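Subject: Structure handover and what was found in it

Dear colleague,

I am passing this structure on to you, and I would ask you to look through it slowly before reading my notes. The notes follow below.

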Amino acid sequence: MIIVKSILERTFIMALALSLTGLIISCRDSNKVEVTQNNTLIEKSKVGQTYHLTEAEGKKYLNEIKQSIRTPEDWRTRANEIRSFILEATDLDPLPEKCPLNPIFGAIRKFDGYQVQNVAFESLPGVYVTGSLYSPLITTEKPAGILSPHGHWPKREDYGRYRPDVQNRCASMARMGAVVFSYDMVGYGQLAELGWVHESPQTMKLQIWNSIRSVDFLISMGVDPKRIASTGASGGGTQTFHLAAVDPRISVSVPVVMVSYRHFGGCVCELGMGIQEDEGFKYNNAEIAACLAPNPLLLVSVGTDATESTPEVEFPFEQYIYGLSGKSEMVENAHFPNEQHGYESSKRAAVYPFLAKHLNLDLSMVMNTDGTVNEDGIIIEEIEALYPFDQQHPLPKEGIRANKDVVWDWKSNL
């Protein structure tokens, strides 16, 4: 993943230097410390994620926030400041004018207990958000809606929203009764073949905007606007809590293996526009996730990445924030100390009951009586089968084929 230089320059680093450049030493059992060319030390998680704060700095920061936030009103003020700062830093304040979605729908494919339909819609004129819409076979009035952003798994055979874990969870949540939209990150999926890239400087801005418009799309499909959730792993976890922080229509948030008080991400869609701090303001991802309070929040964490300390650090912090409103029971943590960075079936077994409880879904459709996941009959489709553009549904001639052609102030050109 790309480490953005401007963020690294602002990263807190350990005040210790070694004389031998390139030397790697162990730092506690769970992490390692790497010496850079300028003899500074950067602590990393087991999977190599850079810690932007030392353990002491991170804990000190959260303690200072707790000391300064004493009432629900204090937190509402702080949360509003964070929302405003994210939007200002990403140049989304004020929000752009919303163009018509102009959705393009593919053929419906029916499977065991769910159906899938490829979709593309415009988030800005000519800018298409591509994805697949999963829904139950039996329709109901105003079903719950769930957004499923994906992470940064880049290999084509293990790619984006086409990964088996993503398809399994989307199909399962549809079986439970939700309408689920699984969408591509900027520069991923079919549009990558046309010239879009994820490394563009404004990826973060467009990624957040595409997520906001994805909420619009779900609502246009008839979902209950008061029952909309988002859940994703890794970079999809980042997109989940970014969206929940800036869009009050998200009522349930389940970021998986990403909420860390020390690690802020490593990609342009997470760090590229400097949302973590400027000269007069700073915060971290534990605070961003808490902006959802007092609505339901589930942190899914593991002992082998930057969420290793969630049960002892991030989760108690979230409980404190939620407790200010007497809603500490609305935040939960599912921790897997020996598992890896991902959204495997064991993690889905923790997520499905949470979503069922707070979105009024039918858990019996996806869980066995012993608490294990039942995803029998779900078909893992090939990548091309999930592409929205084909001979019957070509990319419109006005469709933008590269990041550089995006026009944000489109109304001025009318």
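Predicted model: local features only at pLDDT ≥ 70, side-chain atom pairs only at ≥ 80, totals over all residues.

Glu381 lies in the segment that comes after helix 10. With a relative accessibility of 12%, Glu381 counts as buried, because the cut-off for that class is under 20%. Leaving aside residues up to four places away in sequence, Glu381 touches Arg109, Phe111, Val116, Gln167 and Leu386.

Two of those names come back when you turn to Asn118, a residue of strand 5, which covers residues 114-124. Again not counting residues up to four places away in sequence, Asn118 touches a list of residues that includes Arg109 and Leu386, and Glu381 touches Arg109 and Leu386 as well. Also among the residues touched by Asn118 are Ile104, Phe105, Gly106, Ala107, Gly131, Ser132, Ala385, Tyr387 and Pro388. Is Asn118 buried or exposed? Its relative accessible area is 6%, and Asn118 is therefore buried.

The next item is a pair of helices. The axes of helix 4, made of residues 164-175, and helix 10, made of residues 345-359, come within 11 Å of each other and cross at roughly 25 degrees. Because angles under 35 degrees count as roughly parallel, helix 4 and helix 10 are described as roughly parallel to each other. Their crossing is right-handed. On the side of helix 4 the contact is made by Asp165, Asn168, Arg169, Ser172 and Met173, and on the side of helix 10 by Arg348, Tyr352 and Leu355. Sorted by class, this contact holds three nonpolar, two polar and three charged residues.

Finally, here is the chain as a whole. Its secondary structure comes to 10 helices and 12 strands, and of its 414 residues 59% count as buried.

Definitions and conventions. Residues numbered from 1 in each chain as written. Heavy atoms only, no water. Axes fitted to C-alpha atoms, helices over the stretch in contact; angles between N-to-C directions. Helix = DSSP H or I, 4+ residues; strand = E, 2+ residues; numbered from the N terminus. Parallel < 35°, antiparallel > 145°, perpendicular 65-115°, else oblique. Left-handed = near helix turned anticlockwise from the far one by under 90°. Contact = heavy atoms within 4.5 Å. Nonpolar A, V, L, I, M, F, W, Y, C, P; charged D, E, K, R; others polar. Buried < 20%, exposed > 50% of the residue type's maximum accessible area, 1.4 Å probe, protein only.
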